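Please look at the two chains shown below before reading on.

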Amino acid sequence: MLLALNFLEPYGFQFFRHGIVVATIAGGLCGLLGVFVILRGMSYIGHGLSHAVFGGAAASAVLKVNYFLGAGLWGIISGVLIARVARRRVIGADAAIGVVTTASFALGLALMSRYGQASRSIEAVLFGSVLGVKMGDIVAVSIVAVIGVTVVVLGYRRLLFSTFDRDVAQVSGVRVSAMEALLLVMLSLTILVTMRVIGTLLISALLVIPAASARMVTNSFSRLLWISPIIGAATCFVGMNAAYHLNTSASATIILLDALIFVGVYAFAGTRSRVKMASLGHV
Amino acid sequence: MDNSELIVCEHVSCTYGNAPVVDDIYLTINRGEFVGIVGPSGSGKTTLLKAILGTHPVAHGSIKRVEHLQMGYVPQVETVDWYFPVTVEEVIVMTRTKSRWWPRISADEREAVHTVLDRLGIGEVSQRHIRELSGGQQQRVFLARAMFRQPDILVLDEPTSGVDVRTRHEILHLLADLHADGLTILLTTHDLNGLAAHLPRLVCLNKKVLADGTPHLVLTPEVLEATYGAPMEVLEHGGMPFVIDSARSTLRVNKIVART
């Protein structure tokens with residue numbers, strides 16, 4: 001009884017209730033998009049985009065523009081820019097992403113240290129904070145989750161085809177560039193609504209680890225699309241609770257839990273699955 | 001049989017960066033033909049194929065395709081990510097992007113997949129992961145995917161590269177059967193004896209079309225030297241031309257013989 005009361009204790013706080021709803025939905029959403037991130041070798045793009053969105057968040061705070069509007073627009077623009085740059089092979093996509101996103105990140109840091117309330121809010125953006133989560137965040141993450149699921153269901157075969165075999169998909173009439181742009185926009189939006197809770201620095205882990213763990217337990221694309229979101233959502237839910245009781249950072253606890261699951265699956269699944277991991281060479 | 005023009009390339013040039021890869025190509029593919037494009041690596045075979053497929057831009061000239069032309073493309077097996085989490089059935093069905101909005105494979109589609117796989121002699125593999133296939137089965141699965149769209153023309157990039165002799169024979173017979181059933185086939189190959197010599201029409205390519213015709217017309221020492229930039233000899237074996245790479249020692253012997 002006492003244990004149950006203790007377990008329910010954090011739910012007495014509104015910020016925690018809001019935070020855990022946002023974190024759980026965001027975890028599922030990141031798990032869903034993470035499948036495409038790992039199979040397309042986009043993990044570096046996810047990492048870069050979260051840094052780019054940080055610049056947008058800082059700029060919209062200084063210009064007193066709505067966070068979702070300012071940072072969202074910034075994120076989508078950087079997503080599209082990255083897609084365009086990645087198609088040119090002269091510089092190399094990774095270098096180009098490095099330039100675009102770290103510059104954006106540096107701009108964000110500079111703006112925040114000059115105009116913001118300095119260190120405290122920077123820490124919140126970098127590592128996430130459940131304290132500032134409002135009803136608006138729940139609405140935003142829910143909308144993006146609904147859009148995400150709709151896009152994946154309606155575009156299932158086109159997304160699968162263009163991910164698996166870009167050239168043949170194009171010959172078969174799939175608009176592969178549009179599919180890539182769609183995924184990048186979804187990725188930007190996901191990062192946007194997840195950033196406040198998880199923080200800029202750890203989002204990419206939430207995009208990669210659940211999907212990579214799921215990849216080791218299944219060889220089927222369709223199963224991957226629900227196992228990965230379940231791992232993402234479950235680790236976010238459990239991680240939030242654990243963080244309250246252990247008095248640790250929420251985002252760090254979530255990512256450590258994800259990492260623990262990954263290590264467990266890796267050890268348990270044995271050599272056969274290690275062969276599968278070869279496809280994740282870029283992660 | 002209707003042997004109308006399916007694809008007409010006129011004065012086609014393609015570049016990669018600023019360097020021209022293929023230049024001033026004139027090539028017509030008619031319905032019911034079985035055409036092989038041969039040439040050394042870097043001769044522009046794959047680029048020309050991609051231009052025909054519409055995935056590589058054409059810098060000059062034009063490629064006219066007959067209206068509503070359905071092309072079934074089989075990429076090189078080396079370019080496929082064999083660790084990708086898909087089953088054979090999923091690979092084949094993913095080409096049907098428009099008929100259904102719900103991701104699940106319908107009973108009709110499952111039956112259609114079986115029909116195609118059975119026709120290619122691999123009906124039993126539909127539930128397997130693509131990694132769990134032999135070399136010949138892998139090539140057949142991607143052939144099945146191309147066939148699933150009931151194409152007017154089958155386009156294959158190096159169908160026998162990286163496969164063993166038995167698989168090469170299987171592929172050759174399979175393609176010959178499909179051609180006999182009326183399918184138009186266009187492929188690239190660097191395998192002169194194993195594949196090219198068996199085809200009814202060959203196009204020798206090295207930036208330009210250097211020869212176009214039956215193997216007997218095309219596989220001659222003159223044409224081959226112009227295409228490959230190296231001397232080659234052609235023998236007759238079983239009524240078919242057989243190309244051998246003139247070894248340097250033979251060359252010296254020839255020169256000595258010529259001098260004396």
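## A buried helix in chain A

In α8(A), the buried residues are Y156(A), R157(A), R158(A), L159(A), L160(A), F161(A), S162(A), T163(A) and F164(A), where a residue is called buried if 20 or more other C-beta atoms lie within 10 Å of its own, exposed if 12 or fewer do, and partly exposed in between, the C-beta atoms being placed from the backbone. Because nine of the nine residues of α8(A) are buried, this helix is largely enclosed by the rest of the structure. The cover over these buried residues includes α2 (14-39), α7, α9, α10 (176-198) and α12 of chain A. Helices (H or I, at least four residues) and strands (E, at least two) are DSSP runs, numbered from the N terminus.

The model is predicted, so local features need pLDDT of at least 70 and side-chain atom pairs count only at pLDDT 80 or more, while totals for chains, interfaces and linings use all residues. Residues are numbered from 1 along each chain as its sequence is written, and chains are lettered from A and ligands numbered from 1 in the order in which they are written.

## Helices packed against α7 of chain A

Two packed helices are described by the angle between their axes and the distance between the axes. For α2(A) and α7(A) the angle is about 20° and the axes are 9 Å apart, the axes being lines fitted to C-alpha atoms, for helices over the stretch in contact, with angles that run from 0 to 180 degrees between N-to-C directions. That angle makes α2(A) roughly parallel to α7(A), since angles under 35 degrees count as roughly parallel, over 145 as roughly antiparallel, 65 to 115 as roughly perpendicular and the rest as oblique. The crossing of α2(A) and α7(A) is left-handed, a word used if the near helix is turned anticlockwise from the far one by less than a right angle, and right-handed if clockwise. Among the residues that meet here are V21(A), I25(A) and L29(A) of α2(A) and I138(A), V141(A) and A145(A) of α7(A). The residues of this contact of α2(A) with α7(A) comprise 13 nonpolar, four polar and one charged; Ala, Val, Leu, Ile, Met, Phe, Trp, Tyr, Cys and Pro count as nonpolar, Asp, Glu, Lys and Arg as charged, and the others, Gly among them, as polar.

α7(A) also packs with α10(A), at an angle of about 155° and with the axes 10 Å apart, which makes α7(A) roughly antiparallel to α10(A). This crossing of α7(A) and α10(A) is left-handed, and the contact includes V144(A) and V151(A) of α7(A) and L182(A) and L189(A) of α10(A). In the contact of α7(A) with α10(A) there are eight nonpolar, two polar and two charged residues.

## Where the chains meet

How many residues does each chain give to the contact? Chain A gives 26 residues and chain B gives 21 residues, two residues being in contact if their C-beta atoms, placed from the backbone, lie within 7 Å. On the side of chain A that touches chain B, the elements that give two or more residues are α7 (135-154), α8 (156-164), α9 (166-171) and α12 (221-246) of chain A. Of these, α8(A) gives the most, with six residues. The residues on this side of chain A divide into 13 nonpolar, seven polar and six charged.

## Sheets of chain B

An open sheet of three strands in chain B has the order β2-β1-β4, with antiparallel pairing, and two strands pair if DSSP finds at least two bridges between them. β2 (19-30) and β4 (60-65) of chain B stand at the edges, each with a single partner strand, so one side of each has no neighbour in the sheet. Strand β1 (residues 5-16) of chain B pairs with β2(B) over eight bridges, and V8(B) has T28(B) in β2(B) as its bridge partner. Helix α1 (residues 45-53) of chain B lies across β1, β2 and β4 of chain B, at about 125° to β1(B).

Six strands of chain B form another open sheet, in the order β5-β6-β7-β3-β8-β9 and with mixed pairing; its edge strands are β5 (71-74) and β9 (208-213) of chain B.

Six bridges join β10(B) in antiparallel fashion to strand β11 (residues 240-245) of chain B, and H237(B) stands opposite M240(B) in β11(B). This hairpin of β10(B) and β11(B) has two residues between the strands, and G238(B) takes a positive phi near 60° there.
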